[in-house]
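Visitor: I have a sequence and a structure to read. Please take me through the features one at a time.

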Amino acid sequence: MPMRRPSDNSHHLVGALLALGAYLVWGFIPLFWRQLIAYTPIELNAHRATWSFLILLLILAVRRRLGELSALLRQPRSLGLLAITAMLILANWSIYIWAVNHGHILDTSLGYFINPLVMVLLGVVFLRERLRPLQTIAVALATVGVLEQIVVAGIFPWIGLALSVTFGLYGLLRKRAAAAPLIGLTVETAFIAAPGAIFVLLHTHVPQAAPPTGPTTQALLLVAAGVITAFPFLAFIEGVRRLKLSTIGFFQYLTPICSFSVGHFFYGEPLGTARLIAFGLIWIALGLFTVDSLRSARTLPTADASSQVIDKYGFPIE
């Protein structure tokens, strides 16, 4: 059995730290959006898309990849798909920010807990994939968890379902668009930033509610919305290139776990018996799903991790 070189260990360590950092930022991002609670999702998304597009464009220029962007702009089919995925991103962003700033962080956590299972179901419906036995049990348990909230608590978890479905459809369509992750995200943010930049330039909004911080800090936070969108994604891409799919499969649960902790322990959102039972069933389902994923991932080489994880899990787009 060949010995692993020290350089291999450092390569994997850097990948783990980058992926870990990305998922932790996505998990604790509700803390950021709550600092901008005085603004509407439309305003925040306008700033977010505009600044993230400019950052991504600069990164492509530095990496000398503008040629790839230019080539993609000459592919009408891919552009059409990316226009649709951009609208799904916008819907996902809007629902997420509204939920976070209206005291529904636990519901967003639920959405991203069930997202892997929704992705599997979309694969069955649209790609004619077949469920393996453990996947079938996992999906059934998650379904019971969702129905339990509706029947016992009389609450339809529309936020969680909307987030997981928009994200799942996004992943499904991005699979069909011939675009590298970074290039595709640049085009998607461009579609949103086109009207967003006009909004940013022309709209001078004074929030009716007093912002938590001063106007200068608020302006910097609005610009930082682009930074907090672009850089975790870049860290994620660089990280998964160095890691196995099974490792990323574990990391993906950090985001909803952190969001759950922020919502319940930091902001005091009530859990309740019905919601706790629902989460418990979904956590058991995810345990079974993870076991199944580990079994199937054993045959995948590390080099395939980046494309496989984006196809299978996507990346959070909060």
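Visitor: What share of the contacts with a separation of 6 or more comes from residues 24 or more positions apart?

Guide: Contact means heavy atoms within 4.5 Å. In the protein chain, residues 24 or more positions apart account for 88% of the contacts with a separation of 6 or more.

Visitor: What should I know about the model and the numbering?

Guide: This is a predicted model, where local features need pLDDT of at least 70, side-chain atom pairs count only at pLDDT 80 or more, and totals for chains, interfaces and linings use all residues. Residues are numbered from 1 along each chain as its sequence is written, and side-chain values use heavy atoms, with hydrogens and water left out.

Visitor: How many helices and strands does the protein chain have?

Guide: Helices (H or I, at least four residues) and strands (E, at least two) are DSSP runs, numbered from the N terminus. Here the protein chain has 13 helices and 0 strands. Along the sequence, the pattern reads α-α-α-α-α-α-α-α-α-α-α-α-α.

Visitor: How many of the residues are buried, as a percentage?

Guide: Buried means under 20% relative accessible area, exposed over 50%, and partly exposed in between (1.4 Å probe, protein chains only). Of the 318 residues in the protein chain, 50% are buried.

Visitor: Which residues have the most contacts inside the largest nonpolar core?

Guide: The general idea comes in two parts. In soluble globular proteins, nonpolar side chains tend to be buried together. A nonpolar core is a set of buried Ala, Val, Leu, Ile, Met, Phe, Trp, Tyr and Cys residues joined through side-chain atoms within 4.5 Å. The largest one here has 37 residues, and Leu 182 and Phe 236 have the most contacts inside it. Several elements give two or more residues to this core, including helix 1 (6-33), helix 4 (76-101), helix 8 (181-202) and helix 9. A second, separate core has 23 residues, among them Ile 29, Trp 33, Ala 38 and Ala 99.

Visitor: Which residues form the nonpolar patch on the surface?

Guide: Start with area. Accessible areas come from the Shrake-Rupley method with a 1.4 Å probe; for residues, only the protein chains shown count as cover. The protein chain comes to about 14900 Å², and 70% of that belongs to carbon and sulfur atoms.

Guide: Now the patch. Patches are made of residues with over 30% relative accessible area and no salt bridge: like charges are joined within 9 Å, nonpolar side chains (Val, Leu, Ile, Met, Phe, Trp, Tyr) within 5 Å. Here Trp 98, Leu 147, Ile 150, Val 151, Val 152, Phe 156 and Trp 158 form a nonpolar patch, with about 710 Å² of accessible area together. Helix 6 (residues 133-153) gives the most, with 4 residues. Leu 147 is in helix 6. Leu 147 counts as partly exposed because its relative accessibility is 46%.

Visitor: How many salt bridges are there in the whole structure?

Guide: A salt bridge is a side-chain nitrogen of Lys or Arg within 4 Å of a carboxyl oxygen of Asp or Glu. A search of the whole structure finds 5. One of them joins Glu 238 and Arg 63, with the closest N and O atoms 3.6 Å apart. Glu 238 lies in helix 9 and Arg 63 in the loop between helix 2 and helix 3, so the pair ties together parts 175 residues apart in sequence. Glu 238 is buried at 19% relative accessible area, while Arg 63 is partly exposed at 37%.

Visitor: Which residue forms a salt bridge with Asp 107?

Guide: Arg 275 does, with the closest N and O atoms 3.1 Å apart. Arg 275 lies in helix 12 and Asp 107 in helix 5 (residues 105-127), so the pair ties together parts 168 residues apart in sequence. Arg 275 and Asp 107 are both buried.

Visitor: Where does the side chain of Gln 218 find a backbone oxygen?

Guide: A polar contact is a pair of N or O atoms within 3.5 Å; within protein, one must be able to donate a hydrogen and the other to accept it, and residues adjacent in sequence count only if both atoms are side-chain atoms. At Gln 218, a polar side-chain atom lies 3.1 Å from the backbone oxygen of Gln 35. Gln 218 is in helix 9 (residues 215-240). Gln 218 counts as buried because its relative accessibility is 1%.
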